[in-house]
Amino acid sequence: MSNTLNVKSKSKTEFIDITEEIRSLVKEAGVKQGICHVYVPHTTAGVTINEGADPSVKRDIITALNRLVPFEGDYQHQEGNSAAHIKSTLVGTSQIVLIDEGKLLLGTWQSIYFCEFDGPRHRRVLVKIV
Ligand code: ZN
């Protein structure tokens, strides 16, 4: 079973919490024991799992990534969005979460974030539940 989530980012760099949408897909799938694979088919976006309780954590991650990979630099890519490509590779484009008793096995403080690095744009997140 495979699903597509449509995500609309509003900023150049933004983390969007998609945990509840993915929980709903897992519930609909009716899989009791399995794996949920979350995949972002883009070269300037990513997906990560981190704290969802305190919003300053995602803000701090974004600030640190922007410091690590500045928007302007000695880049050759003509499109002018090399920083976004590099951040996509650093963060990665997929995550796997285990499913037990029909529920995602996320830690208490964990949320799943779609990571926009070259927004605002319409994006897709592919979710495969097996
Ligand atoms: Zn590019």
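How many bridges join E3 to strand E5, residues 94-100? Six bridges join the two strands, which run antiparallel.

This is a predicted model, in which local features need pLDDT of at least 70 and side-chain atom pairs count only at pLDDT 80 or more, while totals for chains, interfaces and linings use all residues. Residues are numbered from 1 along each chain as its sequence is written, and side-chain values use heavy atoms, with hydrogens and water left out.

Please select strand E3, residues 34-39. Strands (E, at least two residues) are DSSP runs, numbered from the N terminus. Buried means under 20% relative accessible area, exposed over 50%, and partly exposed in between, with a 1.4 Å probe and protein chains only.

Next, centre on cysteine 36. Its bridge partner in E5 is valine 97, and in E8 it stands opposite isoleucine 129. Strand E8 (residues 122-129) pairs with E3 in the antiparallel sense over four bridges; two strands pair if DSSP finds at least two bridges between them.

Then select the zinc ion. His77 (NE2), Glu79 (OE), Asn81 (OD1) and His85 (NE2) coordinate the zinc ion at 1.9 to 2.2 Å. Donors are N, O and S atoms within 2.8 Å of the metal (3.2 Å for Na, K and Ca); water is not among the atoms, so sites may look incomplete. Along the chain, the donors have the spacing H-x1-E-x1-N-x3-H.

Finally, select two of these residues in turn. Asparagine 81 counts as buried because its relative accessibility is 6%. Histidine 85, with a relative accessible area of 23%, is partly exposed.
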